[in-house]
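Please keep the structure open as you read.

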Amino acid sequence: MLDPLILKTAHIVSSTILFGTGLGTAFHGLASNLRGDLRAIVVGNRNVVLADWLFTTPAVIVQPVTGVLLALDQGWPLDTPWLLAAIALYLFVGACWLPVVWLQIRMARIAEQCLEKDAPLPPVYGTYFLWWFALGWPAFIAMIAIFWLMVAKPQF
């Protein structure tokens, strides 16, 4: 078993990366898309997709691994109610994030093709953008709820 201090540090750092990258990519994607400049949209989408692969994906993997190891180290059964609630919320966040990844990859490809052809963005791009934006909100709220559960460890 790893040192609990190392596990806790890895868990906190990965949650910070997960939340921070999510917030940063959401802002960058939103700002570049609202600007309306196709070149800015292409660059913004490209950076959002890259940041998700470089930062979010590893953090998504590290979080449950360090979380389970920490729970076992602390002697918390995985069916402890606040822990179950955090796990359920984490799965919910993943259920929001996976379609967002697909949407932002599609949006990036569509925008790049439009830039190459000097064509306007098609209406489906706007639909993807709205879904991308809408799915981020419940995921962020769930992440904040997970942070609260981790700190408060409420007794249900």
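1. **Basis.** This is a predicted model: local features need pLDDT of at least 70, side-chain atom pairs count only at pLDDT 80 or more, and totals for chains, interfaces and linings use all residues. Residues are numbered from 1 along each chain as its sequence is written, and side-chain values use heavy atoms, with hydrogens and water left out.

2. **Fold.** The protein chain has four helices and zero strands. Helices (H or I, at least four residues) and strands (E, at least two) are DSSP runs, numbered from the N terminus. The order from the N terminus is α-α-α-α. Along the principal axes, the C-alpha atoms fill a box of roughly 60 × 30 × 20 Å.

3. **Contacts and surface.** Contact means heavy atoms within 4.5 Å. Of the contacts with a separation of 6 or more, 77% join residues 24 or more positions apart. The accessible surface comes to about 9,200 Å² (Shrake-Rupley method, 1.4 Å probe; for residues, only the protein chains shown count as cover). Carbon and sulfur atoms own 74% of that surface.

4. **Burial.** Of the 156 residues, 37% count as buried. Buried means under 20% relative accessible area, exposed over 50%, and partly exposed in between (1.4 Å probe, protein chains only).

5. **Cores.** A nonpolar core is a set of buried Ala, Val, Leu, Ile, Met, Phe, Trp, Tyr and Cys residues joined through side-chain atoms within 4.5 Å. The largest has 16 residues, and Leu18, Val93, Met143 and Ile146 have the most contacts inside it. The elements giving two or more residues to this core are α1, α2 (38–74), α3 (81–117) and α4 (123–152). A second, separate core has 14 residues, including Leu38, Val42, Met107 and Tyr128.

6. **Largest pocket.** A pocket is an open set of points on a 1 Å grid over the protein atoms alone, where a 1.4 Å probe fits, with protein on both sides within 12 Å along at least five of seven lines; lining residues have an atom within 4 Å of a point. The volume here is about 650 Å³. The lining has 25 residues, and His11, Gln63, Gly67, Leu83 and Met150 lie nearest the centre. Helix α2 gives the most, with seven residues. By class, the lining has 18 nonpolar, five polar and two charged residues.

7. **Second largest pocket.** Its volume is about 550 Å³. Of its 27 lining residues, Gly22, Trp97, Gly136, Ala139 and Phe140 lie nearest the centre. Each of α1, α2, α3 and α4 supplies at least two lining residues. The classes are 20 nonpolar, six polar and one charged.

8. **Residues on α1.** Is Leu5 buried or exposed? Leu5 sits in helix α1 (residues 4–35) and is exposed, because its relative accessible area is 60%. Its C-alpha is 9.4 Å from that of Leu70, which is 65 residues away in sequence. Thr21 also lies in α1. Thr21 counts as buried because its relative accessible area is 13%. Beyond neighbours within four places in sequence, Thr21 contacts Thr16, Ala51, Phe55 and Thr56.

Terms used
Grid points are joined across faces, edges and corners, and a volume is the space filled by probe spheres set on the points. Ala, Val, Leu, Ile, Met, Phe, Trp, Tyr, Cys and Pro count as nonpolar, Asp, Glu, Lys and Arg as charged, and the others, Gly among them, as polar.
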